[in-house]
Amino acid sequence: MQSTKQAIFKLGEESYGLDIMNINSIEKPVPIEKAANAPANMKGMIILRGDKLPVYSLRKKFRLKEKEADEDTRLIVTNSNGITIAYEVDKMEEIVAFEEEQILDVPPLVKNKDTSYIKAVTKSNDHLLILMELDGILSEEEQSKIKAMLKQ
């Protein structure tokens, strides 16, 4: 993997990174409207600058206990698998540049269909950091359900 700039965010005690080139915007939470037939990890829909966007809980995806949005909660708006979507995270931390030699491949033992969201790993401030593969977050079933909901 080449050098990269990552937006570092927290979910619980863990830190993750998303390539800043894949992020449209980072937003404060807005009211979420529940959606019928939504995938289990989806919180609902929001209207952001006139666009209807699904809001996806990365806490649910990683089987963390749900928590109320607070002053640190952010929505990372991005395009994943052709879907403009807002990923809810606990806190945005910083933008960090990593050189190619700092980035490590995912160990083969960890790679499977349930961890397809892991692109690589690195260290930041002496903590392990998971660099996320944007198109690996949503399962094919979730993608189909969300695309169907957006057509309604």
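1. Two strands are taken to pair if DSSP finds at least two bridges between them. The model is a predicted one. In it, five strands form an open sheet with the order E3-E6-E7-E5-E4, and the pairing is mixed. Strand E3 (23–27) and strand E4 (42–48) are the edge strands, each pairing on one side only. From one strand to the next, the twist averages 30 degrees.

2. Within the sheet, strand E5 (residues 51–57) pairs with strand E7 (residues 83–89) over three bridges, in the parallel sense. In this part of the sheet, Ser-57 is found opposite Glu-88 in E7. Helix H2 (residues 140–151) packs on the sheet and touches E4, E5 and E7. The direction of H2 makes about 115 degrees with that of E7.

3. Which residues have the most contacts inside the largest nonpolar core? They are Phe-9, Leu-58, Tyr-87, Met-132 and Ile-137, in a core of 28 residues. Two or more residues of this core come from each of strand E1 (4–11), strand E2 (14–19), E4, E7, strand E9 (118–124), strand E10 (127–132) and H2. E7 gives the most, with four residues.

4. Tyr-87 deserves a separate entry. Leaving aside residues up to four places away in sequence, Tyr-87 touches Tyr-56, Leu-58, Arg-74, Leu-75, Ile-76, Thr-78, Ser-80, Leu-134, Ile-137 and Leu-138. Two of these partners, Leu-58 and Ile-137, are also listed with Tyr-87 among the residues with the most contacts inside the core.

5. The count of salt bridges comes to six. One of them joins the side chains of Arg-49 and Glu-27, at 2.5 Å from N to O. Arg-49 is in the loop between E4 and E5 and Glu-27 is in strand E3, so this pair ties together parts that lie 22 residues apart in sequence. Arg-49 counts as exposed because its relative accessibility is 61%, and the cut-off for exposed is over 50%. Glu-27, at 14% relative accessibility, counts as buried, since buried means under 20%.

6. A second salt bridge is made by the side chains of Asp-90 and Arg-59, at 2.4 Å from N to O. Asp-90 sits in the loop between E7 and strand E8 (91–98), and Arg-59 in helix H1 (residues 58–61), so the pair ties together parts 31 residues apart in sequence.

7. In helix H2, the side chains of Glu-141 and Lys-145 meet in a salt bridge of 3.6 Å, N to O. Why are these two separated by about one helical turn? The reason is that Glu-141 and Lys-145 are four residues apart in helix H2. Glu-141 counts as exposed, with 55% relative accessibility. Lys-145 counts as partly exposed, with 35%.

Methods: Residues are numbered from 1 along each chain as its sequence is written. This is a predicted model: local features need pLDDT of at least 70, side-chain atom pairs count only at pLDDT 80 or more; totals for chains, interfaces and linings use all residues. Side-chain values use heavy atoms; hydrogens and water are left out. Axes are lines fitted to C-alpha atoms, for helices over the stretch in contact, and angles run from 0 to 180 degrees between N-to-C directions. Contact means heavy atoms within 4.5 Å. A nonpolar core is a set of buried Ala, Val, Leu, Ile, Met, Phe, Trp, Tyr and Cys residues joined through side-chain atoms within 4.5 Å. Buried means under 20% relative accessible area, exposed over 50%, partly exposed in between (1.4 Å probe, protein chains only). A salt bridge is a side-chain nitrogen of Lys or Arg within 4 Å of a carboxyl oxygen of Asp or Glu.
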